[in-house]
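Here are my notes on the model, as numbered points. Please read them with the structure open.

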Amino acid sequence: MQALTNRAQAVNRKPMTIMEKLYLPSIAKGMGITFSHIFKKQPTIQYPEEKRPFSPVFRGLHVLNRDEEGRERCTACGLCAVACPAEAITMEAAERLPGEENLYREEKYAARYEINMLRCIFCGLCEEACPKDAIYLSETFAPANFARKGFIYGKDDLLIPDPTKDPAGFAAAKGEGQ
Amino acid sequence: MLTQDQHIKLPEGSIETQTTTLNVGPTHPATHGVFQNIMELDGERIVSTEQTVGYIHRAFEKLAERRPLYQITPLTDRLNYCSSPINNMGWHLTCEKLLGVKTPKRVDYLRVIIMELARISDHLICNSIVGVDTGAYTGFLYVMQYRELIYEIYEEVCGSRLTTNIGRIGGFERNFNNTAFTKLEKFLKEYPKVLKEFENLFSRNRIFMERTQGGGAISAERALNYGFTGPNLRAAGVDYDVRVHAPYSSYEDFEFTVPVGTTGDNYDRFLVRNAEMWQSLSIIEQAYQKIQSFTGAEAEVYHADVPEYYLPKKEDVYTKMEALIWHFKIIMGEVDMPKGEVYQSVEGGNGELGFYLISDGGRTPFRLHFRRPCFIYYQAYPELVTGSMLSDAIVTMSSLNLIAGELDA
Ligand code: SF4
Ligand code: SF4
């Protein structure tokens, strides 16, 4: 085969030396490496008692955001559902009635909002698509449930705590005070 | 075959002359993925084998025909999932070629860092699994910690570890933060020692050498006839590397050599991959130096200035009408692409990963084809293992670095 580039560099494939054929020195060397690892710091993390730090942009289970007054931010524009490559998001929009201004930030809101966590591939495109700062991927992961139905998260599962009723929960969900 | 003094005399035509049919896979603990092989065995020796494809076929090429470009990136994650960032970048480069987007140098270098990290993690898992299959589990455990570190670097940039969906058309979704660079520095500092130790455990070990030398060998000519690329072709002695022959993402700015083997057997493939990890490491170092040399506004660039395809900043979307309109247009896939046909390939973890994209000017590709190297290697698998022992066939499968997700797409 003629060379295609001038960068080729043959790998070192020399035949075994007598020492290597004897094999016993190799055993000693291998054992030496193994033993030296006994004294090294353990890299294992004892999950779930102990958790490793996540990056601030980790893509876990979703949350629906509220503003400081506890109003839902989502306006049911549907962009997240359009962006979702796994077609995991469904929603039904409704119009805000007079007197509901303390519940919903915009005039239109999602009466029903569901994410099928079994379809979701945690790509984060919904978060990127949202023009209203309403949906985020949190640090929670590894959900467990008894039936498939339980993995269809509705608004009750997704919405973060209301700051007017549970300020501590709200702050925790926002990733503050950690 | 019967000898005179054998105690049990079996009738003519019984197991002495019969072969056994063995189904290896589709879900076999030794095959590391969904592969089926129907093997004819004479004792432990393989007389013939026939491979099956399609057990995890997910019709990605068809799915891509009704998705806008940015939604195809998560599909490419699931090709060779040991090095998803390379697939992601390859896809972005394809789109950029079609759309005529030119990326700034800093973006290119950041991409090179991510791609070479992905190559290291890919080779690392392949070589350590070859170790596991030859009966040496320890090496695998020691190196996994550093694959973990690579995954953490991905996580800092894109938020995920395995199915990364990293980068966007024109650049990255966000700038690298300081943690990412600190982790990269830690990797550059500690990894050489680990790789050296890994080589110490394997490269000159007699059992390992004898298990892998001569097994699954392929000549350069046969390899070329099949269409081999990547480390598997280089192990056979052909110095073909996409990074050198058709440089993308500014690979022409880097100094590196192309390690080649001579016989194309399992041992050569192992050595070539190890040598490539050293080269990748040096490329990352060079790229990191180049990145540090940027100053001023240039040091903050992480995407090209293409408002038609790259999403505007979130703050602008919340407050400015113009940005909001672009945001809606891009997300809804309403920016039509130009008509045309492009082919872009990248040096993937295990070979030349190509994307052939035909656009008829709509919002989605008219046709998209992935050139998956694994699919090609798997065609050669019967030729490589016929006549060898079953246990060596398993080693050959690992050392070809067959990944089921890429094989079936
Ligand atoms: S993370 Fe991705 S797959 Fe999951 S709901 Fe959001 S867009 Fe859909
Ligand atoms: S979560 Fe965001 S993108 Fe989805 S419907 Fe609500 S406002 Fe629109």
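1. A:Cys80 sits in helix 3 of chain A. The model is predicted. In it, A:Cys80 has 26 other C-beta atoms within 10 Å; the cut-off for buried is 20 or more, so A:Cys80 counts as buried. Beyond its neighbours within four places in sequence, A:Cys80 contacts A:Ile89, A:Cys126, A:Ala129, A:Cys130 and A:Ile135.

2. A:Cys74 lies in the loop between strand 2 (62-64) and helix 3 of chain A. A:Cys74 is buried, because 26 other C-beta atoms lie within 10 Å. Its contacts, leaving aside neighbours within four places in sequence, are A:Leu64, A:Tyr109, A:Ala110, A:Tyr113, A:Lys132 and A:Ala134.

3. The unreviewed UniProt entry gives the annotation "binding site" for A:Cys74, A:Cys77, A:Cys80 and A:Cys130. These positions spread over 57 residues of sequence, yet they cluster in space, with a largest C-alpha distance of 10.4 Å.

4. Which residues come nearest to ligand 1? They are A:Cys84, A:Ala86, A:Cys120, A:Cys123 and A:Cys126, out of 13 residues around ligand 1. The shell is made up of 12 nonpolar residues and 1 polar residue, with no charged residues.

5. Chain A has an open sheet of 3 strands in the order 3-4-6, with antiparallel pairing. Strand 3 (89-95) and strand 6 (152-153) of chain A are at the edges; each has a single partner strand, so one side of each lacks a neighbour in the sheet. Strand 3 of chain A pairs with strand 4 (residues 108-116) of chain A over 7 bridges, in the antiparallel sense. A:Thr90 is opposite A:Glu114 of strand 4 of chain A.

6. Now the interface. On chain A, 39 residues are in contact with 44 residues of chain B. At least two residues each come from strand 1 (8-10), helix 1 (18-22), helix 2 (24-38), helix 3 (79-83) and helix 4 (125-129) of chain A. Helix 2 of chain A gives the most, with 6 residues. By class, the side of chain A that touches chain B has 23 nonpolar, 8 polar and 8 charged residues.

7. Strand pairing also crosses between the chains. Strand 1 of chain A and strand 4 (residues 258-260) of chain B run parallel, joined by 3 bridges. Within this pairing, A:Gln9 has B:Pro259 of strand 4 of chain B as its bridge partner.

8. In chain B, look at strand 5 (residues 340-348) and strand 6 (residues 351-359), which run antiparallel with 9 bridges. A hairpin of 2 residues joins strand 5 of chain B to strand 6 of chain B. The bridge partner of B:Val342 is B:Leu357 in strand 6 of chain B.

9. Which members of the largest nonpolar core touch the most other members? They are B:Ile113, B:Leu117, B:Tyr377 and B:Leu402, in a core of 89 residues. Helix 4 (residues 105-133) of chain B gives the most to this core, with 14 residues. Leaving aside neighbours within four places in sequence, B:Tyr377 is in contact with B:Phe228, B:Asn232, B:Leu400 and B:Leu402.

10. A second, separate core has 52 residues, including A:Cys80, A:Ala110, A:Cys126 and A:Ala134. This links back to the earlier points. A:Cys126 is in contact with A:Cys80 and is among the residues that come nearest to ligand 1. A:Ala110 and A:Ala134 are both contacts of A:Cys74.

Key
Residues numbered from 1 in each chain as written. Chains lettered and ligands numbered in written order. Predicted model: local features only at pLDDT ≥ 70, side-chain atom pairs only at ≥ 80, totals over all residues. Near = placed C-beta within 6 Å. Nonpolar A, V, L, I, M, F, W, Y, C, P; charged D, E, K, R; others polar. Contact = placed C-beta atoms within 7 Å. Helix = DSSP H or I, 4+ residues; strand = E, 2+ residues; numbered from the N terminus. Pairing = 2+ DSSP bridges. UniProt positions renumbered as here; feature names shortened; annotations may be inferred. Buried ≥ 20, exposed ≤ 12 C-beta atoms within 10 Å, placed from the backbone. Core = buried A, V, L, I, M, F, W, Y, C linked by C-beta atoms within 7 Å.
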